[in-house]
Every structure is written in C-alpha cells, then in structure tokens.
Amino acid sequence: MLAAGAVGQGGHGVVAQGAGHAVADGIASAASGPLWIAAVPALAMLGVVLTTFCAIFRIKSKLPAWLTVACLGGAFATTVGAYLHLQDAGVPLVVKAFTWFDLSWGKGPGQTLHADFAFYIDSLTCLWMLFVTGLATLIGLYASEYMSHDVGTGYCRFFAAFNLFVFSMTCLVMGENLLVLFLGWEGVGLCSYLLIGYFYKKPSAVAAGKKAFIVNRIGDFGLLMGVFLTFVKFGTLSFPELWPMVQPYIDMVKAGHGADVPFTVGLIPVLLMVGAFGKSAQLPLYVWLPDAMEGPTPVSALIHAATMVTAGVYLIARTYPMFLVSEYALPIVGWVGALTALLSATIGMAQFDIKRIMAYSTVSQLGYMFCGLAVLSSAGAAFHVFTHAFFKATLFLCCGAVMHGFAGQLDLRKLSGVGFMKGWGIVALAMLVGCLNLAGFPFTAGFFSKDMIIAESFVTPGPGYQLIGWILLLTAGLTAYYTFRVFFRVFVGPQCYEPGDEVHAHDEHGHEHGHDHGHDHGHDHGHGPETHGSESRATQSRATQSRATQSGATSSHFHPHAPGWAINLVLGTLAISSLAAAGTYLIGDGHGWAADMVHSSSANYVGAAAFLETAGHAEGEHAAHGSFLGMDPHKVMYYVSSIVGVIGIITAFVLHYMGRTTAATSRADALLPAMGPIAKWAQGKWYVDEFYNAVIVLPLRVLSHVFHTIDRLLVDGLVNLAGVLPRFVGSKVRPWQNGLLHGYAVGMAGGLAVLIGAVVLLSM
C-alpha cells in the first residue's frame, strides 16, 4: 500500500524502480575487500584482551584507559581508511575473515547453511562506523578521568566491557550476513547489561541492568524469528545474495500487486521490526532506556545515546528492501515512532533528574529516526542518527561533568548558575551547543536533520502521514522547551547549588572522587515545582539552603571541583563536531554528505526516489504527493520548524530564567494549578511502569508461585513418593533380620506353611 503509492505514481515511480535495480545490481556485484579492514573489530577485541590482562596483573593505574583509547583510535583510523578505499573501489566490499558455518543436510534448496564470519562494507556501513569508533575513542578518553575513582580491578572491568561493546557493535554494523549481525546484536545487549549494572552493589543499578536485559530479550526474540524465517524462505542469510531474491517482490508491490506477496515474506519485516523496537526503545518496549541511566555517564553517552540504541534504526535501514514488500511494516514503524516521540517528550518536560531528561529525549529522537524510515526519507533518518550521535553524546557528557563535580547532584532544582562558576565555562558552552542542536535551532545540524524528516512526512503518501508530520512538529516545540529548561535552570541564573548524596566522597579541595554510586537519588519521585501545586512546602527548605550558597559553598564547606583536561578536551571536541556536522548538509549533492552515503546503499533502495524528489522540490517544483497548508513542505518547513523551535526556547526562557532568584523555584510554578493532574501524571511517567507491573509482572509472579507450588507438591511429591515406598517396605522388613536363630526358624516354618496352603488351594 505505502510502497506502491510512494513509488508507483508517475515519473517518480520510474526513477525509483531504476534506482532500486541499480542498487540491487551494485550489491550483487560486491567485490572482495582487503583483509586489513577486519582490523576494526580486531582492535576492539585486542582492547578486551589487554584490559583483561591488566586485571589479571592487578594494574592500579590508568593504563586500561590509555590502551582502550589507543585501540579504538586505531579502529577509527582503520575505518577512515576503509571509507577512502570504498570511494576508490566504487562498489561494496566483502571482507572474509574465516568460514563460520558450513552445514548441509540435503541437496535441495534451503538445505545448506553457509555463513562466513565476514564484513560487508558499503557507504551505510562506513557512515555508522565512523561515528561509532570516533565517539568510542573520545568517550574512552572522557572515562579515563570520570572513572578514576575506581582505578584498579573495577577500572579494568569497566574498560574490558567498554571494548567488548565496541567489538559487538562492529559485528552488528559490519556483518555481511544476518548471523554476524545477530551475534553483534546479542553482544551489545550483554555489554549493556554489564555496564548498566556496573555498580553491582547498588540495588537500583542491578535492577536496571536486569530490566534492560529482559525487555531487550522480547525484541531479540522477534529478530531471531525474522532471521529464521528469512533463511527458510530464501535459503541464505547473506546480504549480497538476499537483495536480488527480494527484488521480484518489490517489483510486485510497485506494480500494485502487493496482495500477491506471500504472507511469510511480508511477515519477515514485521518480525525484524519487533527487534528494532526493543533495541531502540520504542513503544511499548521503551521503559528500559530511562532506567539505564543508573550506569556510569560514559555508558549513557556511548551506548544509550549514540550507538547501541540506533541499532534498531540500522537494522531497518540495512534490511530496507525487506520492508518495502510489506503493506504494514513501514506504516507501523512510522506511527510507533511518532507516538513514542510525543510520549517521551511529555515525560521529559516533567522530570528533574537532568540525566533522565536526556534519556527521554533520546527515546523521543529515536522516534524521529523511525519516522524518517517510514516516510521513505532514509537519508533524513540516517542524517539524524549521525547528528544526534554527536550532540546527544555532548549533552550526556556535560550532565556527567556536572554530576562528577557536584558529588552526584543531578536535580535541576538544586543547581543554578553553573556556567558562571570558575572552571565550568567549557562545559557550559558545550551544553549550549548540544541544546541548540537538540532544540533544532536554525542552521544547526539538528535543525537540518529534523527538517528533512518532518518535511518528507507531509510529502509521502501513507495512512495519516500528514498527521505524523504535525505530531513531529509539536514534539519539536516540546523538545526545545524541555532542553532549554535544563540549560536555563542549571547553567545560567543565580549561582547556587547543593551537593549530591556523594558529598562524603569529596574533600574540601575538590579532588576527583565523584562517581555514579547512587546518582538516582529519587529525584523523579519527589513532588517538585513543575508537577504539583503544593511545591512550596516541599522546596522551601531547599530554597533557604540555596540562598545560603550564593557565595558558592554550602554550610558543610563543600566545594565543587571543575572537570580536568580530559573531560574538557572531549567536550570541546564534541561541541565543535556537533557544529561541524551542520556543514555536512551543505556538502555533496542534494541534502549533503550523509544523504549521499545512504544513496548508494540498501537503505536507499526506494529512498533514492524520495531523495531525487526532494532535490527536485528544492529547484522549484511543487510537492508531488502532499503539501503543508498548500505550500511545498520542503520549502516552507525551514521557516516553520525554526519558528516552532524558537517559541519553545523563548517559553523556557520566560518560565525558567526570567525572575528566578533561587534554584528551586521558577515562574512555571504558577501554571501548575491550571494543569490539574496532568503534570503529576507526566512526572509519574504516565505510570506506564506501574501499568506493566500490574498487568504483566505481578500476574507472572503469581503464576510463577502457582507453578512453584505445583512443582513442589505434585512433581516433587511424585518423585519423593517413589523414594518413600521402598523406604516404607524396608522399614517393615528390617526387623526380620534380627540375628535370632529361632526367629529365622519361625519365619521358615511360616513360609513353608504358606507354600503348602497355596499348593493345596491350587490342587483343589
């Protein structure tokens, strides 16, 4: 339905069909690549081995961090080399490391499983790996300082899991077939569990790790079933072999015969979609990501902002041809993405833990990426992944720097004016850059990438896609508001602060002892100024303390310590990279370098049509399939999204900066009575976790207790009965063996009498 409508109309359908076949032929004719490209995952695995040896030899220095930075820096340099080599080759490359599976149980089709441990290098692979390895290197350097409180065995354990995650991510992105992709998929899930629960003595961290692992297993089951069904239907898991087999079904959809596509073929993308929703935290499986903030901040920045959570987006982009043969997959992806974006934005507006606000923002921005894929703007989706990786990592690491320097404090009601304190200028500037990008401020990278997706939603025909566009516009305004709510509350305004629960770990000179233990001090469970009308009573004492700290110190003489050179260097680099990412929009054909990278990959199988259509609109043609209030969306959306973003920023400025004299209160407090219970519900995260607990968790616990009782009484009872009967018989027979001779004689006589009686009875 969607694919047929999008590519089967007029001249654009011809363009799309030609582009589709061109890409299919290009993938099928992939060339053999040089083995040195395999050094990308190999260097990450080398980091795992070296940090493990550091743990074995009880290294108590920052050596594991420097080894990690060196290995991942080498992986980034190798990725750059692979990108340059791919540009020279002009066709996708396949790099075979070794034969992994070579099984055969017959001579018929689909009775041979051959899967090499090989890597598929095209422009989509290079786009993802450039920011995965680049950000991993920078965040590893940041973590060298941030995790310095745990130098020793814990330090080695952290960086071993860190390197293992990067190795798994390289397998996921670079895999030549679905089996290698699935290996990396499960690997990043395992590493996420290990890193979220890094502080294993902290119950909330352990619970968050288990929650992430279990929720992701639901999505992983869908992906695994999709992989199985792909092999059953097509007899291969290799991408270069798979796409030509899918092409006839795409042609059927283009010709308007989507109903003729076999049900099993149309089911494959639906199953893959379930896996993507789990890993990329979309409805209804998004609940694990906010809790994942229990892990150290470098984990949040690397795994839960820039790389792992975009794995679901990558999965759909990589298997995009499969999604074009289903009438339902892409519309579901679009609507789930839009609703997730809006729901998460409303929750983020009402939270007080700045790290969790960024977590909900990540969930919301992932919704944008899914919408981009759904409306056939795969270039916009990939570009937003690219820009989001830089500015969201910047935002998370800035929050981590604040947390590191203020003894674990993350409550925006207890921090103010941080940007004007000595030593915090770089953090404040980096935070401002990240906020401008996330808010979609004009001419930033986030502005361009969001605009591509929103505009295309008004162009692409589909079930209610224009409504999706309006939802994304509304979400953009909310995002600008809650993003600058954090900036205006924490980094500007009167200088006052309260240390977090880890104040005991700091001395009066502000040495580097901050860490993530207990960072979630219940901020999300308080009744704060923007969620309840009765805020004043709950925060008056905090306000009083805040006034007492105008000079920059609390009554306990706590002094926040500014970040060191490693953190400042990384934040400065990421801020510059976030600004430079906007420049990539002006490079290349049409909509920039990232769009060109997608153009020659499987993600642009039909997306090439959308890309060419967009380029045509920019040259003055009218939108072929839709409009925004009678105007060309690709021309007017620049202005509309700018206005929406600026309105959100101005609203945050008025409500959270103007007239604020303390950290705890703002003008927004006066609006709460008019909102009724809505603010409380939003602060309670719409009670989705409580709903899941009541509908799923508690019934499963009751059912498990029932089965436990049945197992203990019935199953174990039958087994125990088999042991009780021989013991009972033995207890009765045992007295006969008493060692008394006359007792044995009586027994023999009795037995003889029984035998005689039996003979007599039988003879009668």
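Is lysine 202 buried or exposed? In this predicted model, lysine 202 is buried, at a relative accessible area of 11%. The side chain of this lysine takes part in a salt bridge with glutamate 294, with an N to O distance of 2.7 Å. Distant parts of the chain are linked by this pair, since lysine 202 sits in the loop between helix H7 (178–196) and helix H8 (203–234), and glutamate 294 in the loop between helix H11 (288–291) and helix H12 (297–306). The two residues are 92 residues apart. Glutamate 294 is also buried, and its relative accessible area is 2%.

A further salt bridge joins aspartate 291 to arginine 356, where the closest N and O atoms are 3.3 Å apart. Aspartate 291 belongs to helix H11 and arginine 356 to helix H16 (residues 354–374), so that this pair, too, links distant parts of the chain, at 65 residues apart. Because its relative accessible area is 18%, under the 20% limit, aspartate 291 counts as buried. Arginine 356 is buried as well, with a value of 4%.

The structure as a whole contains 11 salt bridges. One of them pairs lysine 96 with aspartate 116, and here the closest N and O atoms are 3.9 Å apart. Lysine 96 is in strand S2 (residues 93–104) and aspartate 116 is in strand S3 (residues 112–121), so the bridge ties together parts that lie 20 residues apart in sequence. The two partners fall into separate accessibility classes: lysine 96 counts as partly exposed at 44% relative accessibility, whereas aspartate 116 counts as buried at 14%.

Packing between helices was examined for H3 (residues 39–56) and H6 (residues 153–174), whose axes are 8 Å apart and form an angle of about 165°. Because the angle is over 145 degrees, H3 is roughly antiparallel to H6. The crossing of the two helices is left-handed. On the H3 side, the contact is made by Val40, Pro41, Ala44, Met45, Gly47, Val48, Thr51, Thr52, Cys54 and Ala55. Their counterparts in H6 are Cys156, Phe159, Ala160, Asn163, Leu164, Val166, Phe167, Thr170 and Met174. Sorted by class, this contact comprises 14 nonpolar and 5 polar residues, and no charged residues.

When neighbours within four places in sequence are left aside, the contacts of threonine 346 are Leu478, Ala682 and Trp686.

For the protein overall, 29 helices and 5 strands were assigned. Of its 764 residues, 58% are buried. Among contacts with a separation of 6 or more, 80% are between residues 24 or more positions apart.

Conventions:
Residues numbered from 1 in each chain as written. Predicted model: local features only at pLDDT ≥ 70, side-chain atom pairs only at ≥ 80, totals over all residues. Heavy atoms only, no water. Axes fitted to C-alpha atoms, helices over the stretch in contact; angles between N-to-C directions. Helix = DSSP H or I, 4+ residues; strand = E, 2+ residues; numbered from the N terminus. Parallel < 35°, antiparallel > 145°, perpendicular 65-115°, else oblique. Left-handed = near helix turned anticlockwise from the far one by under 90°. Contact = heavy atoms within 4.5 Å. Nonpolar A, V, L, I, M, F, W, Y, C, P; charged D, E, K, R; others polar. Salt bridge = Lys/Arg side-chain N within 4 Å of Asp/Glu carboxyl O. Buried < 20%, exposed > 50% of the residue type's maximum accessible area, 1.4 Å probe, protein only.
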